[in-house]
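Let's take a friendly walk through this structure, from one residue out to the whole assembly. Have the sequence and the model at hand as you read.

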2 protein chains.
Amino acid sequence: MQVKIVEVGPRDGLQNEKQPVTLAGKLELIQRLAASGLTHIEAGAFVSPRWVPQMADSADVLAALDLAGPVHYPVLVPNEKGLDAALAAGAREIAVFGAASESFSRHNLNMGINDSLSAFAAVTRRALDAGLRVRGYVSCVLGCPYEGEIAPSQVARVAAALREMGCYEISLGDTIGTGTPNRVHEMLAAVRKQVPATQLAGHFHDSYGMAIANITAALQMGVHTFDSSVAGLGGCPYARGASGNVATEDVLWLLQGMGLQTGVDLRQVVDAAWFISDLLGKMPVSRVAHALGRSPHAVARG
Amino acid sequence: MQVKIVEVGPRDGLQNEKQPVTLAGKLELIQRLAASGLTHIEAGAFVSPRWVPQMADSADVLAALDLAGPVHYPVLVPNEKGLDAALAAGAREIAVFGAASESFSRHNLNMGINDSLSAFAAVTRRALDAGLRVRGYVSCVLGCPYEGEIAPSQVARVAAALREMGCYEISLGDTIGTGTPNRVHEMLAAVRKQVPATQLAGHFHDSYGMAIANITAALQMGVHTFDSSVAGLGGCPYARGASGNVATEDVLWLLQGMGLQTGVDLRQVVDAAWFISDLLGKMPVSRVAHALGRSPHAVARG
């Protein structure tokens, strides 16, 4: 069976790293990830550079990539202004980012869920009309920093709305990483009534070490697409409440062990993890990068 | 439903830390763990101090503990000489440590599996005659550093032999941490034919980040006892092939989230994790200790 990995390190990961990465560094990271066999690599975000300086060069990133090739390079777009910029940069795929928590939506997007869905619908319609693919994110699907637990029915409602407006895939995010496998089962049981599992993705954060178990639970529920971040970019193991994405290499270890196909070369991903970690001057936030270590080639370079 | 945690940090954990811990430090750690509600705390090993200097003070540790109280303090005993020392120190429970891999047994114990089982049978008989409880470990149940994969039938054979000789519980160890949930299912399906799940424990290492998923799989197979190590003692996230036990606090987060009872206070375990990590001059190797952080009290002390 085939499992799709959506690599979010160059966007969701780097966006949450304090240390800036040069354009050349980003491009080498993305090139390495594509060479490993990853076919979906989130490459940037068209957001205010005042708020997210790490993504200020997203148009330059896209300009250097083969956007007509076999690898998808989605970019995050929060609103119509962002869409204009993404279209101008030649993006072929965008992602919109909603929340299952009313409070989180108001804190993060400055509007409630219903207003955000209206805004996303306008963005999505224009993007679809321009021939783009649109992916939808739902955050806080297993918990919210303001509200605590989130009702599965609420997640299902937001996911259904995103699908209804034309998102080809809905990525369900455990943004604070507090979820456990039983809650993944409950949440997905509710969401699957609205959106087929083939159109769902799991986006698990490893803040509490639950991500691999939650992915296993989602696989049991028929989800076969997972977001992950090379080297666990965006998380810090030594900061309180760090909420990094699960590391791509840890997910690959799980999937390989379970006999599932991804088309991705684990060794190349681990090498990419060490490459970007060296650039950031930190250690990979993953178990597998450390267990497998640097490749002899990489050591020779260092 | 009740799940039993066997805390192995003061033995299996500290035995694999380079930095020595004073007797007073060990005793405060054990006292904190007992205060958190843990009822099974592996407290030492009667092995050659030349090979394992970290355990040289195990008799002193036992002398300071209430061995007749409600908390069990098993100690590892490799042979009859070790049993003599354990009996002299007043131990009420011992553990013997076998392997499911012939090569690992020869490397680690200097004898093959069958010879090791004969030796354990003699030790176990004397211990039982003296009124002790005996726990059996089987290592390499999901993989061996020398042989690679291990047949589930081989694990079942060793587990059955340990039960036959009188071990009240058999702890199945993924010593190198390479296993994935599907292999946990396969292995336990074989072992359960020989030993009831109620007499089995899971002992998972988190070297590849799979431990929490593997525990979830073992729960699904009816296992309700798990070994873990506060702060992930014994492992190092930044060393190649580091093979630390899964952290007790990460296991507790999983079990609490799943609505399972342990009788253990998570906050007190996290405080113990920071306490021993400070003593060792390192960071906890767990996600939850970092996600929850130090308690305000501990910060004030620091």
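## From one residue to the pair of chains

A:Ala217 sits in helix 9 (residues 211-220) of chain A; helices (H or I, at least four residues) and strands (E, at least two) are DSSP runs, numbered from the N terminus. This is a predicted model, in which local features need pLDDT of at least 70 and side-chain atom pairs count only at pLDDT 80 or more, while totals for chains, interfaces and linings use all residues. Residues are numbered from 1 along each chain as its sequence is written, chains are lettered from A and ligands numbered from 1 in the order in which they are written, and side-chain values use heavy atoms, with hydrogens and water left out.

Is A:Ala217 buried or exposed? It counts as buried, at 2% relative accessibility; here buried means under 20% relative accessible area, exposed over 50%, and partly exposed in between (1.4 Å probe, protein chains only). Leaving aside residues up to four places away in sequence, A:Ala217 touches A:Pro181, A:Val184 and A:His185, where contact means heavy atoms within 4.5 Å. Its C-alpha is separated by 9.5 Å from that of A:Leu188, 29 residues apart along the chain.

### Helix 6

Helix 6 (residues 113-129) of chain A has 17 residues and reaches 24 Å from its first C-alpha to its last, close to the 24 Å expected at 1.5 Å a residue; the expected span is 1.5 Å times one less than the number of residues. Its buried residues are A:Ile113, A:Ser116, A:Leu117, A:Phe120, A:Val123, A:Thr124 and A:Ala127. Seen down the axis of helix 6 of chain A, these fall within an arc of 130 degrees, so they line one face of the helix; the arc is that of the directions from the helix axis to the C-beta atoms. Among the elements covering them are helix 4 (80-88), strand 5 (93-99) and helix 7 (152-164) of chain A. On the other side of helix 6 of chain A, A:Asp115, A:Arg125 and A:Asp129 are exposed. Just after this helix, A:Gly131 takes a positive phi of about 85 degrees.

### Salt bridges

Over all chains, the structure holds 32 salt bridges, each a side-chain nitrogen of Lys or Arg within 4 Å of a carboxyl oxygen of Asp or Glu. Here are some of them.

| Pair | Closest N and O atoms |
|---|---|
| A:Lys282 and A:Glu17 | 2.8 Å |
| B:Asp57 and B:Lys26 | 2.6 Å |
| B:Arg287 and A:Asp206 | 3.2 Å |

A:Lys4 is partly exposed, with a relative accessible area of 21%, whereas A:Glu169 counts as buried at 3%. A:Lys4, A:Arg135, A:Glu169 and A:Asp227 are linked in a network of salt bridges.

### The two chains together

A rotation of 180 degrees with 0.0 Å of shift along its axis superposes chain B on chain A (RMSD 0.0 Å), by least squares on the C-alpha atoms of residues with pLDDT of at least 70 in both. The two copies are thus related as by a two-fold rotation axis. In chain B, the C-alpha nearest the axis is that of B:Ala213, 1.9 Å from it.

At the interface, 35 residues of chain B are in contact with 34 residues of chain A. The two chains bury about 3,100 Å² between them, 58% of it on carbon and sulfur atoms; buried area is the accessible area (1.4 Å probe) that two parts lose on being put together, summed over both. Across this interface the rule finds 2 salt bridges.
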